[in-house]
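Have the sequence and the 3D view open side by side.

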Amino acid sequence: MTVSDTRSTSKTDRVELLRQMLRIRRFEEKCAELYSGSKIRGFLHLYIGEEAIAAGIMQHLSPVDAIVATYREHGHALARGIPMDRLMAEMYGKATGVSGGRGGSMHIFDADTNFYGGNAIVGGGLPLAVGIALADKLRGEPAVTACFFGEGAVAEGEFHESANLASLWKLPIVFFCENNLYAMGTALERSEAQTDLVTKARSYSIEAEAVDGMDVSAISGAAACAIEHARSGRGPYFLELQTYRFRAHSMYDPELYRDRREVEEWRSEHDPLDSLISTMRADDELSDDRLQQIEEQIAAEIDRAVQFAEESAWEPVETLERHVYAEGAAS
């Protein structure tokens with residue numbers, strides 16, 4: 001039995017999971033539109049196709065738990081409960097943004113929800129997550145650290161150092177590896193001598209499993225078990241989420257490294273939203289009217305978020321040096 005076999009989702013769970021996944025998908029689609037209109041600047045890495053992961057996992061984390069994410073973190077932030085209007089303002093770089101407009105798309109941070117990034121360096125969040133988990137353990141806090149990263153990070157030294165220390169110290173951390181097959185533009189088999197990521201994690205005596213990252217029910221069940229394992233004092237857990245991003249690595253990416261037929265096959269056969277909607281309809285859990293109602297509620301929320309961002313002020317020039325280290329600043 002794999003971890004995903006140990007828990008099923010109820011009808012109520014499915015409705016909320018669908019709502020959360022649709023919020024993420026529609027928010028991301030709007031961000032792509034706004035980016036094309038130069039409302040959002042800098043880099044933009046979309047989570048489209050991977051929504052089931054954030055939705056399926058975040059429901060099992062408590063408010064005291066910490067989240068460490070990557071630069072593809074909008075979905076994690078929304079699922080964690082960061083208000084959409086403040087998130088959209090952050091995408092615009094406005095002062096009302098969740099990080100004061102200083103983080104933008106790649107560096108979302110929110111102390112109120114224990115959301116510690118948004119980290120732009122591949123693998124850079126792993127040692128931070130280990131440090132947070134160590135601090136919680138030393139203080140006797142009943143908290144778990146959820147660390148999200150892509151499969152490309154598994155080739156980095158930070159992964160091996162972090163996995164070793166987490167296992168050695170039996171830290172309350174869950175490593176959520178979002179394996180979307182391509183680290184930027186490099187396929188997994190072109191960068192990893194050992195492509196079985198679960199085997200790598202187990203080499204550090206870490207409990208590890210792989211799960212279908214396009215199946216939100218499977219993710220939910222696996223995440224519940226992994227988080228409980230870490231929270232109960234049994235040490236770290238590694239969960240590989242086998243997923244796929246439907247958009248390019250970033251909005252700047254010409255996407256010349258993968259066949260378009262492959263992308264279309266994943267879209268048509270493995271879309272996590274389509275799969276969940278089909279299952280719910282087959283089980284008489286979702287009508288067309290109910291789906292339309294959910295879509296309309298989300299569309300209204302997005303419209304309010306965009307209006308909030310548009311009407312928000314930029315940070316005053318006088319405060320631009322705040323939080324910036326500069327020579328002579330201490331004097």
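Predicted model: local features only at pLDDT ≥ 70, side-chain atom pairs only at ≥ 80, totals over all residues.

Residues are numbered from 1 along each chain as its sequence is written, and side-chain values use heavy atoms, with hydrogens and water left out.

Begin at strand 4, residues 145–150. Helices (H or I, at least four residues) and strands (E, at least two) are DSSP runs, numbered from the N terminus. Five of the six residues of strand 4 are buried, where buried means under 20% relative accessible area with a 1.4 Å probe, protein chains only.

Strand 4 pairs with strand 1 (residues 66–68) in the parallel sense, over three bridges; two strands pair if DSSP finds at least two bridges between them. Thr145 in strand 4 is the bridge partner of Ala66. Strand 4 also runs parallel to strand 5 (residues 173–179), joined to it by six bridges. There, Phe148 stands opposite Phe176 of strand 5. Between strands 4 and 5 the chain passes through helix 6 (residues 157–168), and this β-α-β crossover is right-handed: with the strands pointing away from the viewer, the path from the first strand over the helix to the second runs clockwise.

Now turn to Ala89, which lies in helix 4 (residues 84–92). Ala89 counts as buried because its relative accessibility is 0%. Leaving aside residues up to four places away in sequence, Ala89 touches Lys94, Thr96, Gly97, Phe308 and Ala309, contact meaning heavy atoms within 4.5 Å. Gly75 is 14 residues from Ala89 along the chain, and their C-alpha atoms are separated by 15 Å.

How values were computed: Buried < 20%, exposed > 50% of the residue type's maximum accessible area, 1.4 Å probe, protein only.
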